[in-house]
Number of protein chains: 2
Amino acid sequence: MHLCKMQLLDGKKTAKAILNTVKIDVAQRAATGKKIPHLAAILVGTNGASQTYVNSKVKACNEIGFISTLIEYEEEVSEMKLLDKIQELNEDMSVDGILVQLPLPAHISERKVIEAIAASKDVDGFHPENIGRMIMGEAEAFIPATPYGIMLLLEHNNIPTKGKHAVVLGRSNIVGRPMSILLSNNTNPGNCTVTVCHSRTQNLNEICSQADIIVAAIGQPEFLKAEMVKEGAVVIDVGITRLEDASKKSGYRLVGDVDFEQVAPKCSFITPVPGGVGPMTIAALMKNTYKSCVNGD
Amino acid sequence: MHLCKMQLLDGKKTAKAILNTVKIDVAQRAATGKKIPHLAAILVGTNGASQTYVNSKVKACNEIGFISTLIEYEEEVSEMKLLDKIQELNEDMSVDGILVQLPLPAHISERKVIEAIAASKDVDGFHPENIGRMIMGEAEAFIPATPYGIMLLLEHNNIPTKGKHAVVLGRSNIVGRPMSILLSNNTNPGNCTVTVCHSRTQNLNEICSQADIIVAAIGQPEFLKAEMVKEGAVVIDVGITRLEDASKKSGYRLVGDVDFEQVAPKCSFITPVPGGVGPMTIAALMKNTYKSCVNGD
């Protein structure tokens, strides 16, 4: 048996390093009179998690010298009003990136809202045109922020991927699917043999046990157990669920899709929750916004 | 050991049945004074295989009562001239579907040409917007003709897919990738656990041996051998290569990516080449063109 020394894939630290580079680039743009990246974020309602996410994004903008605009609506805002605002931001030359924090209230079509955002300002990478361009391997596409963040995490930590077998748990449009595509692309990181698993997958344990890399993105707290993981595997935990916990000041604790305590000792690398994929998603969003700004030069 | 009775997945027969239904629908449209579907096909140069493919498509149009327009250019045609013609066809209200037979000569950008076609007339399903919409599971997307044809073949022959492990050999934008997405969708056929393999995949034999369904789309003649296939597997052969063969009147014979003679006895179902995926691709193209016409009602 090969005993491996587990290392944390520290998303917080990696994101900081990436954002620092962007910050320097922004300062240089400012010094030479070029346009400063500007992100507009729309938040609907008072969902606690959504507020936290949007605040982190605005904070990241401030830290690296981006301009940010936060537009907040009450839960009851009409779809029409939201679409009008997006149209206004699409036309506003000062805005480089637009994000609408999901989920939206049931009376608003998320699809309509996402498709209303100009593909050229869709820094979350959710617009069908960007998804399509990503698949075609077109460099100008905005890659969905979470999978892009994971690719950056693998890249910055020099995790070998070529020829490895990656198993992606989850087939969502914004994480599982794009993740599987990016990992199988002829790029570095990339060139993995990729298996996508989901709720209908049989013999899941057997498939996971073969994986060199596992990306868990199913939103089921502590789903991935030690017996599903091969010794020395790399485990990326995309899940983040708030579980009630009276012992915490906030009243909850954050849990990933991986049973960290059980699984971590078997891994060569594993992301923590929080502090793993979350900060990387924000770093990826900032990189997309920066790219959009440069595209407009 | 389970001895299975191999059955041919007859693409020719299945395509005929599907096209017959479309033909009846077209006749009904004609009888009620509705618009008849119109496919415009562009062929550049004199590549023998391309001519054969385009001719088959035009022939299929004629057989089911579609209008077809074949536009032929010499190898030397400029990119600009081609793009102008596409623009004209985009604006022509009488045209429902536009296809440009690939490959194009090296001096013309295939990407520019594909993206010039209006997404709403892109019946080959190659435009990034259609690829993106397919991934988002949007019903109005045109699905790339070859993977769509394979899905129709599975559907019409009642091949069970739910929970099965499908292995897709090849990661091309127009076959391998969309195939892997369609097979893993929450649909029927679909709901497979899907593994995408490619040139960098290690232990390919081991992975293929686990597959309930194999889709071979790598363009390497007779690549898939018997030892890579599990007893009772379903094998779909997308490859079609012309090999020189002096014993044939044409001077060549058509060979798939599967070593049919070796592999077939182990399969529950297998597609022949020719007469498997090829005719289904044409049936899918006709269905997309019909859909585009109905969308315009």
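The buried residues of helix α7 of chain A are A:G176, A:R177, A:P178, A:M179, A:S180, A:I181, A:L182, A:L183 and A:S184, where buried means under 20% relative accessible area, exposed over 50%, and partly exposed in between (1.4 Å probe, protein chains only). Since nine of the nine residues of α7(A) are buried, this helix is largely enclosed by the rest of the structure. Helices (H or I, at least four residues) and strands (E, at least two) are DSSP runs, numbered from the N terminus. The model is a predicted one, in which local features need pLDDT of at least 70, side-chain atom pairs count only at pLDDT 80 or more, and totals for chains, interfaces and linings use all residues. Residues are numbered from 1 along each chain as its sequence is written, chains are lettered from A and ligands numbered from 1 in the order in which they are written, and side-chain values use heavy atoms, with hydrogens and water left out.

Helix α6 (residues 145-156) of chain A packs with α7(A): their axes come within 9 Å and cross at roughly 35°. Axes are lines fitted to C-alpha atoms, for helices over the stretch in contact, and angles run from 0 to 180 degrees between N-to-C directions. On the α6(A) side the contact is made by A:P147, A:Y148, A:I150, A:M151 and A:L154, and on the α7(A) side by A:P178, A:M179, A:L182 and A:L183; contact means heavy atoms within 4.5 Å.

Chain A is divided into domain 1 (34-118) and domain 2 (144-278), with bounds that come from an automatic or database domain assignment. The C-alpha centres of these two domains of chain A lie 27 Å apart.

An unreviewed UniProt entry lists A:G170, A:R171, A:S172 and A:I240 under "binding site"; UniProt positions are given in the numbering used here, feature names are shortened, and annotations may be inferred rather than shown by experiment. A:R171 is placed in the loop between β5 (165-169) and α7 (176-184) of chain A and counts as buried because its relative accessibility is 16%. Leaving out residues up to four places away in sequence, A:R171 touches residues of chain A, including A:H198, and also B:S184, B:N185, B:N186 and B:N191. The side chain of A:R171 reaches the backbone oxygen of B:S184 at 2.7 Å. This is a polar contact, a pair of N or O atoms within 3.5 Å; within protein, one must be able to donate a hydrogen and the other to accept it, and residues adjacent in sequence count only if both atoms are side-chain atoms. A:S172, in the loop between β5 and α7 of chain A, is partly exposed, with a relative accessible area of 31%. A polar atom of the A:S172 side chain lies 3.0 Å from the backbone nitrogen of A:V175.

In chain B, B:N191 is found in the loop between α7 and β6. B:N191 counts as buried at 4% relative accessibility, and its phi is positive, about 55°, although it is not a glycine. Most residues other than glycine have a negative phi, and most peptide bonds are trans. A cis peptide bond joins B:N188 and B:P189, with omega about -5°; B:P189 is found in the loop between α7 (176-184) and β6 (193-197) of chain B. The peptide bond from B:V273 to B:P274 is also cis, with omega near -5°.
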